[in-house]
Structure formats: structure tokens, C-alpha cells
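Here is a short tour of a protein model, from the whole chain down to a single residue. Have a look at the sequence and structure, then read on.

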Amino acid sequence: MGQRIDVNHLNVYYGNFLAVEDVNMHIEANKVTAFIGPSGCGKSTVLRTLDRMHEIIPGAHCKGEVLLEGKNLYADDVDPVAVRRDVGMVFQRPNPFPTMSIRENVLAGVRLNNRKISKSDADDLVEWALRGANLWQEVKDRLDNPGIGLSGGQQQRLCIARAVAVHPQVLLMDEPCSALDPISTLAVEDLINELKGEYTIVIVTHNMQQAARIADFTGFFNLKAVGQPGHLEYFADTTTMFNNPQNEEAERYITGRFG
Ligand SMILES: Nc1ncnc2c1ncn2[C@@H]1O[C@H](COP(=O)(O)OP(=O)(O)OP(=O)(O)O)[C@@H](O)[C@H]1O
Ligand SMILES: [Mg+2]
């Protein structure tokens, strides 16, 4: 089952620069939540705070709370490595490990977590994750070929398989389809739809149609002005966001009359 996420008074900094200010949001379990908004408003920044990934960036830190199923990810006794294990991340560009086979790519996260796993368990896991990522039929006869030999869309589904192989409770995706052609994009969207039965999914997208197609809820991030911190301007169920937004800025953005 996916886990719910509550974000309370979240401020995110890069050094002294306040990139995102006072975000408050409830992300429901087993639903898809999309983040939309203009470039630089902090969508990726907020997404990365949901698994403490931003802490890898020197100087990046945050204030406030991110509660995963009620437990604060930023509490003193929480190990960030364990957090990143419970929360999977898929990036904008498919990034399979170049020297690894398809099979080893799927297992990479599991191996990073130092989990000992038998050959037959590994085979089962590889098949399960690739089936879950809707890629099994296409690659089952060439699991030992390099992951980078796949098409872009296949590579992105391979990265999704790698993310789900560690059985995360939450799946974060930062513009996962922006480098893909329309057919691969639809394959990934179908997959997201299937996965939400088991995971809580948060996806950043610049594609309004995509948000409207796949998201249950949508958060619109905005900037007051260049150089100002980004903020969450409006959060609503996706139907309301796109058909009847109760926020002028959101409406202007969605209808393309922005800026
Ligand atoms: N690694 C970093 N170091 C310093 N500042 C950063 C870093 N990453 C992002 N920022 C700044 O934080 C702010 C928010 O950036 P972020 O990448 O989160 O925006 P975004 O909404 O994802 O934009 P885009 O739609 O272009 O991906 C911007 O002002 C950006 O310049
Ligand atoms: Mg971004």
C-alpha cells in the first residue's frame, strides 16, 4: 500500500537562497498527484524534499515537516538512506546504469541497499518489476544485454522497474516523459495508472494534458516574481483544477494566458 504524505510549513533553501516558501499540502495514498507551474517555481525542489534527495546537493536544506504516514522524515532519528529506500525516484532523463545489463539495472537499487538475494529470488524480482513496468514482454529474451541498448521509452520503463524493485511506498517522478515520444509517453502513463493501486505517486509535468489525464490531484506552484521564492499557489482535485479552478493565477496558467 502507498503511504500518505503531509507537508507542513516547508521552506527549502539552497545555501541562503530561499527557493520555496511555506508549502502546505496533503498528498493522498494510492493516488496520483501532479505538480505543475512555470519553470523555476520549485516543483523539482519540493519533489526532492519528499525523499530527502535534495540533501545530496551541497548547502541544500529545509525547514518544516514532511510526514510520511504521520512520521516526520526529518526527525533526528530518521536515516536518509532508509527514506530513499521507501521512496522511489524516477528522473527526467532515463538514466540506466550504462555498464549494466537490463537485469542488473533492475536489481541495482536492491544491491545498493546491501540486501543479499539468491539467484532465483533475483530472477523472480526482475520478472515482477519488469512486468510491473510493462516492459517484460519486450526484454525477457535479452535480459543480459546492456540497458542502454533499449529505446528511450523502454529505458524510462526500465528506470521505473528499478524504482519499484525496492518496493517503495511512494514513487516520485520528475517529468518522466519529457524525453519520450507520444507512444512511449502513453505507455508510461498507462503504467502510472496501474501502479497507483500500490503506490502513492507524485509526478512533475509541464504537460497539462498529461496532468489532466493521469492525476487525481494537482498542485499549481507559482512565483510572485523572478528572484522571489516559489510557493504552492493552489491545490485541488484535477477536475476542479482544469475545469473550474478557484484561483485566477491557476486559471491563467492552465489556459495559456500566463506571464
Ligand atoms: N542545485 C541547485 N542549487 C541552487 N539553486 C537551485 C538548485 N536547484 C534549483 N535551484 C533554484 O531553486 C529554484 C526552484 O528550482 P526548481 O528546479 O525546483 O524549479 P522547477 O519548478 O522544477 O523548474 P523547471 O520547471 O524548470 O524544472 C530556482 O530558482 C532554481 O534556480
Ligand atoms: Mg524541475
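## Burial and overall build

Of the 259 residues in the protein chain, 53% count as buried, meaning under 20% relative accessible area with a 1.4 Å probe, protein chains only. This is a predicted model, in which local features need pLDDT of at least 70, side-chain atom pairs count only at pLDDT 80 or more, and totals for chains, interfaces and linings use all residues. Residues are numbered from 1 along each chain as its sequence is written, and side-chain values use heavy atoms, leaving out hydrogens and water.

The protein chain holds ten helices and ten strands; these are DSSP runs, with helices (H or I) of at least four residues and strands (E) of at least two, numbered from the N terminus. Its C-alpha atoms fill a box of roughly 55 × 45 × 30 Å along the principal axes.

## Contacts along the chain

Take the contacts (heavy atoms within 4.5 Å) between residues at least 6 apart in sequence: 67% of them join residues at least 24 apart.

## A look at threonine 218

Threonine 218 sits in strand β9, which covers residues 217–223. This threonine 218 is buried, and its relative accessible area is 0%.

Beyond its neighbours within four places in sequence, threonine 218 is in contact with residues including Ala34, Ile36, Tyr234 and Phe242. Thr238 is also among its contacts, and the side chains of threonine 218 and threonine 238 make a polar contact at 2.9 Å. A polar contact is a pair of N or O atoms within 3.5 Å; within protein, one must be able to donate a hydrogen and the other to accept it, and residues adjacent in sequence count only if both atoms are side-chain atoms.

Note on methods. Chains are lettered from A and ligands numbered from 1 in the order in which they are written. Buried means under 20% relative accessible area, exposed over 50%, partly exposed in between (1.4 Å probe, protein chains only).
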